Amino acid sequence: MIEIRDLSRLYRTGDVETRALAGISLDVAAGEFVAVMGPSGCGKSSLLNILGFLDAPGGGTYRLLGEEARTESARTRLRRAHVGFIFQSFNLVDELNVAENIELSLLYRTGAPAPRGRVEQVMEQVGIAHRARHRPQSLSGGQQQRVAIARALVSSPRLILADEPTGNLDSANGAAVMELLRAAADAGTTIVMVTHSPLHAAAADRRIALLDGRLVGETML
Amino acid sequence: MRARHFLIAWSRNLAANRLLSAIAILGLAIGLAGAILMALIARVPLGYNHHVPDHDRTYLAVSVMRSEGMAPDYQEASPGAAAELLRLNLPEVEAVARLAEAEVELRRGARGRSEKIYWADPALFDVLRLPALHGDPRQALARPDGLVTTRTEALRLFGRDDALGETIQVAGALMVLRAVIADPPPNRTDLASGIFASGLGAGSALAALSPDAAGTFSIGARTYLRLRPGASPEAVQARIPALIAGLLPPPLREAYRLELVRIDRLALNEGFHPGAGQRLFIGGLVAFLVLFIAAANFVNLSVALAARRRREIGVRKASGAGRWQIAVQFLGESVLTVLVATLLAVAASELLLPHVNAFLETQALFDYVDDPSLLLWLLLGAVLLGLAAGAWPAFLLSSLPPAAILQDRSGAGSGGALVRNALVTGQFAILIGLVISTVTVHRQRAFATDEALRMDVDQVVTVAAPCPPAFVEEARKLPGVRAVSCSGAELLTGEMFAFVDWRGERISTDLIAALPSTFALYGVRPVAGSLATLPAGGEEIVSRIVVNEAAVRRFGFGSPAAAIGAVLPIPADGAGPDSRATIVAVVPDFAFHSIETAIEPSVYRARPHGAYSPGLVSIRLAGRDVPETLAAIDRLWHATGNAEPIERAFVSEQIERLYRSLERNGQLFAIFSGLAIFLACLGLVGLSLSTADRRTKEIGIRKALGASTGQILMLLLWQLSRPVLLANILAWPIAWWLMRKWLDGFAYHVPLQVWLFPAAGLVALAVALGSVSVLAFHIARQKPVFALRYE
């Protein structure tokens with residue numbers, strides 16, 4: 001599913017160079033649930049950005065389903081076709097209600113249109129259907145993250161990237177989010193999740209650790 | 001689904017930012033309304049006669065009389081015999097026809113009334129191929145009883161428009177309606193009547209246009225001609241003087257000119273409508289500039305508002321939206337918002353148009369029901385404006401890196417500061433330029449109607465009369481009258497000149513007959529010599545004269561004093577011998593005619609009472625009980641044996657009429673400057689509101705580091721002043737050049753004063769600071785804790 005070979009990424013701000021990723025190689029199989037751990041600034045988010053085609057690798061190669069994206073438009077195409085995102089800060093659009101936020105994810109998809117009632121279906125799935133017409137500001141953090149998960153699931157992506165999805169939640173809500181992700185993985189979706197929580201990482205099939213942009217450890221469960 | 005979703009996103013965002021959206025839309029609507037009104041006004045002269053096929057090679061031959069020292073006199077009529085001469089001798093002419101206007105009796109059954117009609121040559125509708133509704137207008141006038149009308153006239157005269165074959169008595173002869181043409185669009189035709197009777201008819205004024213008697217000359221017909229495609233109008237024009245020379249008495253051959261004016265350019269012809277073209281250009285330019293200000297506001301606010309939607313953009317990109325899709329979304333939103341503003345502007349234009357027409361004395365119409373293409377143009381304009389205004393925000397937002405936005409790293413937040421500042425600078429440059437122009441035009445107008453006259457015309461009433469002694473004597477005794485004097489009508493019109501032979505040169509000189517008391521009445525004092533030695537009652541053979549300073553210079557005297565005592569040969573008016581007259585006084589240059597032309601060398605002669613014809617009685621009122629005094633003058637006029645109605649007018653009113661074009665320019669500038677100032681305020685308030693939350697954090701940090709409210713206020717105001725100061729550098733040279741050029745169109749004008757430029761800059765600065773200082777003060781005063789927590 002995911003093949004990474006010798007991946008690196010440099011950021012340059014003025015005269016300062018930051019090496020976010022240095023020579024990472026990694027394979028993730030289809031349907032695998034991978035947790036990425038490591039301290040702040042170790043390159044977790046940079047890795048996720050590249051996996052999600054939000055950013056281009058500085059060196060090395062990244063293939064998703066055997067395809068490598070060399071141009072901005074190729075990255076947009078692959079992102080559109082295969083990737084869903086879940087963020088720590090939810091990133092829901094304030095001006096749209098719950099159903100509309102979820103629907104947003106279907107707007108740009110190509111290929112067969114989503115079946116009717118798909119939005120309602122995922123809202124049921126994450127338990128937010130009773131809040132469909134509410135605006136994000138009126139929801140609790142846990143509810144907001146469920147909406148974000150529903151938004152990631154609605155287009156049935158092959159790969160879901162979760163950036164500390166439980167970081168802003170209490171433990172009960174965090175556990176609920178992990179259950180939803182586990183269920184998605186069991187249904188065959190590949191999931192890469194960045195987390196600080198060993199407890200939540202334990203729910204994954206496999207854990208990898210990053211430090212200073214390098215892969216330093218890997219645990220198969 | 002996609003369209004609905006985008007509409008939801010658009011409307012929710014407008015609603016979420018109500019105040020700023022309202023400012024953006026309202027400002028744009030005002031700018032658009034100004035542009036729409038200006039376009040509607042411009043459409044009238046620019047589309048003049050465009051309903052006539054081949055209007056670009058169809059001409060009206062007009063008469064121009066030139067006399068030295070005066071603006072040429074334009075008449076739409078031409079000599080009746082010219083048409084035939086042109087047709088026979090100019091191969092470039094494809095068709096010629098004449099019209100003669102007449103007031104005749106139209107009688108149908110028992111009802112008859114006097115109406116204005118045209119007698120037309122049979123070829124008229126071959127020259128003006130106006131679209132026919134019924135019958136064939138090109139054949140209709142070939143028979144002496146042929147009649148053609150417009151649809152409206154057919155309905156009025158016969159009750160229906162397909163009334164072919166119906167008859168009506170025209171000037172006593174029975175005529176038959178043989179064709180009906182479509183109505184010309186209102187205000188876009190030079191034809192004053194919609195009834196065309198065959199010129200071959202019995203009572204035809206065309207048939208009655210007999211050749212002029214020897215030594216006389218008259219113009220009684222409108223001559224239309226169409227040139228062949230590709231024919232050069234200049235070449236045709238060049239051959240006309242020789243062709244028509246035979247029609248003119250020899251003294252007129254130099255002065256008279258038959259000029260071809262394209263019928264679609266009649267409304268902007270400088271001879272018939274002086275200043276119309278310039279006014280249209282200025283109006284169009286200023287409306288465009290104001291629209292630019294409004295559009296710049298709109299762009300700036302769109303960017304500021306869209307920056308608040310960075311998260312939405314990030315999410316859309318993460319969901320697979322490409323750069324192009326984000327750009328299309330924002331372009332679409334921009335077009336939608338501009339359409340809303342256009343709708344408001346259309347409503348405002350409809351409400352305002354009657355007032356604007358009344359104010360500018362124009363006849364613009366917003367007739368989109370009759371002319372749906374108007375709406376199409378409007379729609380096209382709105383879409384283009386929406387795309388232009390949305391292009392930069394769309395580009396800016398679609399290029400935001402999604403990774404940075406989504407992970408709450410601030411980045412690319414202040415993008416486009418350069419463009420934003422450039423737009424604000426551009427707005428203020430326009431504002432400053434408009435203020436300078438407004439003040440200059442206003443000063444020139446005040447100068448023209450007051451100072452440039454160099455005489456006191458307040459409370460002076462003139463009566464057109466050749467100095468009737470009884471009336472003049474009695475008027476002097478009226479209680480509200482301070483002084484009465486007589487002069488020739490040329491005192492006002494300047495239309496009397498002669499050549500004075502002086503040191504081997506023939507000098508064109510205005511000859512003005514006036515009693516010596518005229519000078520005192522108008523408050524004119526001699527700069528040299530004395531008026532006392534002039535004969536108070538005038539003299540039959542002129543021996544003593546007064547000249548103006550222009551004459552002193554033209555005749556080559558070193559100074560006004562040096563001219564005193566010189567003897568000039570004065571040509572006699574009408575019969576009688578020339579006389580030699582001594583200059584006894586020199587007066588300053590003063591004139592009642594437009595300051596667009598220079599004051600000519602003038603000689604003032606005192607003539608006896610009977611010699612003022614056409615004459616002018618000037619009466620200075622005391623200034624109290626004016627209505628009663630005027631009524632007394634009117635009674636006196638009839639009581640002293642004058643049967644015809646009195647022709648009286650205030651000189652100040654005549655002068656105002658002279659400067660109406662100048663006045664219009666002034667009003668136009670004042671209105672648009674006001675709009676520009678309002679829009680610039682609106683834009684600045686909006687812009688500072690939209691950046692306030694971004695600035696709040698910065699200010700919190702500054703305050704935490706010890707800055708006082710005053711220091712922060714200064715900082716904010718200084719940052720705001722910079723684009724305004726820069727705008728001065730841009731505006732000054734352009735405004736200087738344009739106003740210089742405009743003023744040079746006047747023989748006498750106010751100097752372009754230097755203080756005006758910094759003053760206009762200060763006005764702009766005050767406007768800018770005033771509109772945002774309340775807000776700046778509010779931000780600067782906030783507690784640092786609040787400011788730091790804000791984000």
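Guide: The turns below take the contact between the chains, then the sheets, then some single residues.

Guide: The model is predicted, and side-chain atom pairs count only at pLDDT 80 or more.

Visitor: What makes the meeting of B:Arg12 and A:Glu100 a salt bridge?

Guide: The N to O distance between these side chains is 2.6 Å. The cut-off for a side-chain nitrogen of Lys or Arg and a carboxyl oxygen of Asp or Glu is 4 Å, and 2.6 Å for B:Arg12 and A:Glu100 therefore qualifies. Between chain B and chain A the count is three salt bridges, while over all chains the structure holds 47.

Visitor: Why are E12(B) and E22(B) said to pair?

Guide: Pairing requires at least two bridges. Strand E12 (residues 460–464) of chain B is joined to E22(B) by three bridges, so the two strands pair, and they run antiparallel. One of the bridges has B:Val461 with B:Phe650 as its partner in E22(B).

Visitor: What makes E13 and E22 of chain B edge strands?

Guide: The open sheet has four strands in the order E13-E21-E12-E22 (chain B), with antiparallel pairing. Strand E13 (481–488) and strand E22 (648–650) of chain B each pair on one side only. From one strand to the next the twist averages 25 degrees.

Visitor: Which helices pack on this sheet of chain B?

Guide: Helix H14 (residues 469–477) of chain B touches E12, E13 and strand E21 (615–621) of chain B, and its direction makes about 155 degrees with that of E13(B). Helix H19 (residues 626–639) of chain B touches E12, E13, E21 and E22 of chain B, with its direction at about 145 degrees to that of E21(B).

Visitor: In which sense does E4(B) pair with E3(B), and in which with E9(B)?

Guide: Strand E3 (residues 93–108) and strand E4 (residues 111–120) of chain B pair in the antiparallel sense over ten bridges. There, B:Glu103 has B:Lys116 of E4(B) as its bridge partner. With strand E9 (residues 195–198) of chain B, E4(B) pairs in the parallel sense over three bridges. Here the bridge partner of B:Tyr118 is B:Phe196. The hairpin of E3(B) and E4(B) has two residues between the strands, and B:Gly109 takes a positive phi near 65 degrees in it.

Visitor: How do you know that E1(A) and E4(A) pair?

Guide: Strand E1 (residues 2–13) and strand E4 (residues 59–64) of chain A share five bridges in the antiparallel sense. The requirement is at least two bridges, so these strands pair. A:Arg5 stands opposite A:Thr61 in E4(A). Both strands belong to an open, antiparallel sheet in the order E2-E1-E4-E5 (chain A), and helix H1 (residues 44–51) of chain A lies across E1, E2 and E4 of chain A at about 120 degrees to E1(A).

Visitor: Why is phi pointed out for A:Ser156 and A:Glu164?

Guide: Most residues other than glycine have a negative phi. A:Ser156 has a positive phi of about 45 degrees and is not a glycine. A:Ser156 is found in the loop between helix H5 (141–153) and strand E7 (159–163) of chain A. For A:Glu164, also a residue other than glycine, phi is positive and near 45 degrees. A:Glu164 lies in the loop between E7 and H6 of chain A.

Visitor: What makes A:Arg182 and A:Asp186 a salt bridge, and where do they lie?

Guide: Their closest N and O atoms are 2.8 Å apart. With the cut-off at 4 Å, the pair A:Arg182 and A:Asp186 therefore counts. Both lie in helix H6 (residues 171–186) of chain A, four residues apart, about one turn of the helix.

Notes
Residues numbered from 1 in each chain as written. Chains lettered and ligands numbered in written order. Predicted model: local features only at pLDDT ≥ 70, side-chain atom pairs only at ≥ 80, totals over all residues. Heavy atoms only, no water. Axes fitted to C-alpha atoms, helices over the stretch in contact; angles between N-to-C directions. Contact = heavy atoms within 4.5 Å.
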